[in-house]
Amino acid sequence: VYVALAVYGWLAWQRDAGRSLAPRRLPALGHLIALGGVLLATAVSAPLVARHALATAPVADSLSTWASLFATWLLARRYADNWAWWVVIDTGLAVLFLSQGLSMTAALYLAFAVLAFAGWRRWRRMAALMIGMAAALTLASPGSASANASEQDRAAAETLTAIAVGG
């Protein structure tokens with residue numbers, strides 16, 4: 001499934017190559033629906049994992065798997081929120097592995113969480129830079145911003161502002 005999602009993401013990003021597509025934000029309701037879906041999938045799969053796999057923590061394994069699949073989908077769709085999901089997932093897995101005495105694996109997942117946090121910050125910085133560049137271009141061009149900016153440009157600027165300021 002992860003390979004299929006990776007191919008999907010690669011194809012989506014390749015299709016959009018050359019176009020300036022701003023990362024998007026998932027509304028709070030989208031996060032709640034996704035969390036509900038992850039919890040429902042966990043409730044269905046955890047008993048199966050407990051019965052048919054050698055899992056010491058079937059609920060945590062199922063939860064992290066479904067949440068990871070959703071976070072991967074968010075990344076493939078250019079949702080900046082994917083980084084927050086990865087920080088939580090990787091931190092939770094680090095705690096799980098540490099509780100099982102797997103300190104090196106816990107350290108690896110803690111490093112993944114740090115990298116996800118760094119990715120989140122970088123996307124926010126890039127969004128702020130893009131906002132500054134868009135503002136400079138708008139000021140440099142004749143006429144008002146509303147007259148020169150397309151609807152797509154305005155929507156992208158609003159998204160970037162939300163990411164840089166609120167996200």
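Reader: Which residues lie nearest the centre of the second largest pocket?
Author: The model is predicted. In it, 21 residues line the second largest pocket, and about 350 Å³ of space lies inside. Those nearest its centre are Ala-67, Ala-84, Trp-85, Val-88 and Ile-89.

Reader: Which helix gives the largest share of the lining of the second largest pocket?
Author: At least two lining residues come from each of α2 (28-52), α3 (58-76), α4 (82-99) and α5 (103-140). The largest share is seven residues, and the helix that supplies it is α4.

Reader: How many residues of that lining are nonpolar, polar and charged?
Author: Sorting the residues of the lining by class gives three groups. Three are charged and four are polar. The nonpolar group has 14.

Reader: Are α3 and α4 roughly parallel or roughly antiparallel?
Author: The axes of α3 and α4 come within 9 Å and cross at roughly 155 degrees. Angles over 145 degrees count as roughly antiparallel. The pair α3 and α4 is therefore roughly antiparallel.

Reader: Which residues of α4 meet α3?
Author: The crossing of α3 and α4 is left-handed. On the α3 side, the residues that meet α4 include Ala-60, Asp-61, Ser-64, Ala-67 and Phe-70. On the α4 side they are Asn-82, Trp-85, Trp-86, Ile-89, Leu-93 and Leu-96.

Reader: How many residues in the contact of α3 with α4 are charged?
Author: The contact of α3 with α4 holds eleven nonpolar residues and four polar ones. The charged residues there number one.

Reader: Why is α1 described as roughly parallel to α3?
Author: Helix α1 (residues 2-15) packs on α3 with the axes 9 Å apart and an angle of about 10 degrees. Angles under 35 degrees count as roughly parallel. That makes the arrangement of α1 and α3 roughly parallel.

Reader: Which residues of α1 make the contact with α3?
Author: The crossing of α1 and α3 is left-handed. From α3, the contact uses Thr-65, Ser-68, Leu-69, Thr-72, Trp-73, Leu-75 and Ala-76. By class, the contact has nine nonpolar, four polar and no charged residues. From α1, the residues are Tyr-2, Leu-5, Tyr-8, Gly-9, Ala-12 and Trp-13.

Reader: What is the orientation of α2 and α3 to each other?
Author: The axes of α2 and α3 are 8 Å apart, and the angle is about 140 degrees. To count as roughly antiparallel, an angle must be over 145 degrees. The helices α2 and α3 are therefore oblique to each other.

Reader: Is the crossing of α2 and α3 left-handed or right-handed, and which residues of α3 take part in the contact?
Author: The crossing of α2 and α3 is right-handed. Among the α2 residues in the contact are Ala-34, Val-38, Leu-39 and Thr-42. The contact of α2 with α3 has 13 nonpolar, three polar and no charged residues. Those from α3 are Pro-58, Val-59, Ser-62, Leu-63, Trp-66, Ala-67 and Phe-70.

Notes:
Residues are numbered from 1 along each chain as its sequence is written. This is a predicted model: local features need pLDDT of at least 70, side-chain atom pairs count only at pLDDT 80 or more; totals for chains, interfaces and linings use all residues. Side-chain values use heavy atoms; hydrogens and water are left out. On a 1 Å grid over the protein atoms alone, a cavity is a set of points where a 1.4 Å probe fits but cannot get out, and a pocket is an open set with protein on both sides within 12 Å along at least five of seven lines; lining residues have an atom within 4 Å of a point. Grid points are joined across faces, edges and corners, and a volume is the space filled by probe spheres set on the points. Helices (H or I, at least four residues) and strands (E, at least two) are DSSP runs, numbered from the N terminus. Ala, Val, Leu, Ile, Met, Phe, Trp, Tyr, Cys and Pro count as nonpolar, Asp, Glu, Lys and Arg as charged, and the others, Gly among them, as polar. Axes are lines fitted to C-alpha atoms, for helices over the stretch in contact, and angles run from 0 to 180 degrees between N-to-C directions. Angles under 35 degrees count as roughly parallel, over 145 as roughly antiparallel, 65 to 115 as roughly perpendicular and the rest as oblique. A crossing is left-handed if the near helix is turned anticlockwise from the far one by less than a right angle, and right-handed if clockwise. Contact means heavy atoms within 4.5 Å.
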